[in-house]
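Colleague: I would like to go through this model with you, starting with the strands. Please give the cut-offs as you go.

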Amino acid sequence: MPTARTWREYPQRYRYEAAVCKKCNKWHFPPRPVCDACKGEEFETKAMRRTGKILSHTVIRVPPAPFKDQAPYAMAVIEMDDGPRITTQVVDCGDGSLKIGQKVKLEFRRIYDDSEAGSINYGYKAVPA
Amino acid sequence: MSVGIVGYGANLPRHRIKVEEIAKVWGADAPSYKKGLELREKSVPAPDQDVITLSVEAARNALLRAKGVNPQDLGAIYIGSESHPYAVKPSGTVVGEAIGAFPSCHVADFEFACKAGSEAMFVVYGLVKAGLVKYGLAIGADTSQGAPGDALEYSAAAGAAAYIIGSQDLVATIDDTYSFTTDTPDFWRREYQHYPQHAGRFTGEPAYFRTVLGASEALLKKSGMKPKDFQYAVFHQPNGKFPMRAGKMLGFSREQIETGWLVPTLGNTYSGASPLGLTAILDVAKPGDKIFMCSYGSGAGSDAFIYTVTDRIREVQGLAAKTRDMLDKNVIYLQYGEYAKFRRKILKAE
């Protein structure tokens with residue numbers, strides 16, 4: 001991923017900043033220009049709590065190139081306690097025996113390196129709570 | 001004006017490797033290493049953990065305990081480490097961005113072998129005392145390197161401790177400090193070298209003990225205090241033996257040192273070592289307790305501090321994960337092959 005694109009996504013990747021609709025209070029992550037619930041166009045920026053639960057999960061055994069040294073690894077759809085759903089890696093889960101409904105929290109981790117000498121991309125991953 | 005700790009936080013990786021697992025690969029005698037180092041296992045960072053990630057999590061825990069402190073009021077962020085992920089680009093730039101402290105903030109990475117964390121604490125303490133910043137964040141963190149088969153491999157571990165230092169709502173005051181520095185070549189890592197080198201037994205008496213005792217004795221004399229005046233003491237802990245022996249030589253008891261003595265199951269977290277021990281002490285300390293701390297960085301130097309715990313400690317202890325819980329709970333043990341992969345010790349084809 002280009003460095004500039006990663007940089008633009010710091011508010012979400014680093015600080016979990018969501019757009020909360022001022023009209024109906026729905027949380028959007030990542031932010032969007034129009035609320036899909038009430039069509040509102042005014043939002044407040046708020047950081048999501050870092051806790052949620054697993055809605056679904058799988059194991060990636062044939063990964064994209066930047067993640068080849070990490071396979072096999074767990075991916076999950078997480079429903080955050082503030083409402084938004086995110087797709088992310090789940091790490092520090094031992095043998096990978098994740099369960100639907102399991103509580104997790106987001107931690108700050110390395111996502112991948114551009115190359116041995118390239119920039120390091122950081123962001124969130126889920127770990128068992 | 002009293003200056004001291006407003007919030008503190010730790011972060012440790014969940015992975016561990018036992019001394020036996022390393023010893024069997026190198027044909028070494030595990031019982032003699034365990035006895036010699038007084039160390040049973042050590043923490044291992046996952047491949048996606050480094051000084052920056054550990055520092056961010058420790059800083060977040062420190063902010064939870066410094067409730068009411070807006071990250072935008074942090075005027076300085078200093079991270080002490082000898083394993084910064086970038087050779088050029090400060091770790092503090094990522095950490096400050098992640099906790100929402102930027103852009104009005106002074107940032108620098110510090111390096112002084114294992115005392116870079118206490119060095120950051122000393123500088124932030126000075127800036128707050130001078131009135132240049134309202135709050136500052138000092139972090140000691142490492143994912144330390146030990147060459148395969150070297151004695152250091154049994155102890156080189158990972159962890160981070162973060163301190164928000166200010167002059168209001170203190171959980172502990174910093175009452176006095178003293179630094180002791182000499183040119184003592186006991187341990188070093190040259191540019192472009194992956195692993196450090198050390199001078200074997202020379203790292204003991206003329207290096208660690210001379211420096212730790214030099215700083216500690218000078219601070220006790222300067223403050224007019226005696227070891228019996230303290231409830232707790234924490235020293236740099238490269239292995240289990242050194243801090244206990246240094247403490248005993250100074251007149252501290254085993255009971256005073258044990259609470260912050262994490263090394264038997266954590267290993268040597270280098271720049272994080274004595275700052276992490278202090279977090280474990282603050283987790284259980286009571287108002288009025290006096291704490292003595294002395295770091296050690298090869299090369300060589302020590303920073304010694306005296307703290308007094310305030311009434312506010314009880315309000316903040318439970319606001320973030322406690323250090324002993326992180327050390328003892330939910331750990332995942334690795335075999336040497338997994339550990340070698342995690343620590344990028346395996347040479348792969350391009």
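Colleague: In which sense do strand β1 (residues 17-21) of chain A and β2(A) pair, and over how many bridges?

Modeller: This is a predicted model, in which local features need pLDDT of at least 70, side-chain atom pairs count only at pLDDT 80 or more, and totals for chains, interfaces and linings use all residues. Residues are numbered from 1 along each chain as its sequence is written, chains are lettered from A and ligands numbered from 1 in the order in which they are written, and side-chain values use heavy atoms, with hydrogens and water left out. Strands are DSSP runs of E, at least two residues long, and helices are runs of H or I, at least four residues long, both numbered from the N terminus; two strands pair if DSSP finds at least two bridges between them. A:A19 stands opposite A:H28 in β2(A), and β1(A) and β2(A) pair in the antiparallel sense over two bridges.

Colleague: Which strands of chain A are the edge strands of that sheet?

Modeller: The sheet is open, with three strands in the order β2-β1-β3 (chain A) and antiparallel pairing. An edge strand here pairs on one side only, and the edge strands are β2 (27-28) and β3 (43-47) of chain A.

Colleague: How many residues lie between β5(A) and β6(A) in their hairpin?

Modeller: Strand β5 (residues 73-80) and strand β6 (residues 85-90) of chain A run antiparallel and are joined by six bridges. A:A74 stands opposite A:V90 in β6(A). In the turn, A:G83 has a positive phi of about 115°. The number of residues between β5(A) and β6(A) is four.

Colleague: How far from B:C114 is the nearest cysteine sulfur?

Modeller: B:C114 is likewise in no disulfide. The nearest cysteine sulfur belongs to B:C294, and the distance is 13 Å.

Colleague: Is A:N121 buried or exposed?

Modeller: A:N121 is found in strand β8 (residues 120-128) of chain A. Leaving aside neighbours within four places in sequence, A:N121 is in contact (heavy atoms within 4.5 Å) with A:T6, A:R109, A:R110, A:I111, A:Y112 and A:D114. Buried means under 20% relative accessible area, exposed over 50% and partly exposed in between, with a 1.4 Å probe and protein chains only. At 5% relative accessibility, A:N121 counts as buried.

Colleague: What separates the C-alpha atoms of B:P13 and B:P45?

Modeller: B:P13 is found in the loop between β1 (4-11) and β2 (15-18) of chain B, and B:P13 is buried, with a relative accessible area of 0%. Not counting residues up to four places away in sequence, B:P13 touches several residues, including B:V44, B:P45 and B:L54. B:P13 and B:P45 are 32 residues apart along the chain, and their C-alpha atoms are separated by 5.3 Å.

Colleague: What share of the residues of chain A count as buried?

Modeller: From the N terminus on, the elements of chain A run α-α-β-β-β-β-β-β-β-β, which comes to two helices and eight strands. The C-alpha atoms fill a box of roughly 45 × 35 × 20 Å along the principal axes. Of the 129 residues of chain A, the buried share is 42%.

Key:
A disulfide is a pair of cysteine sulfur atoms within 2.5 Å.
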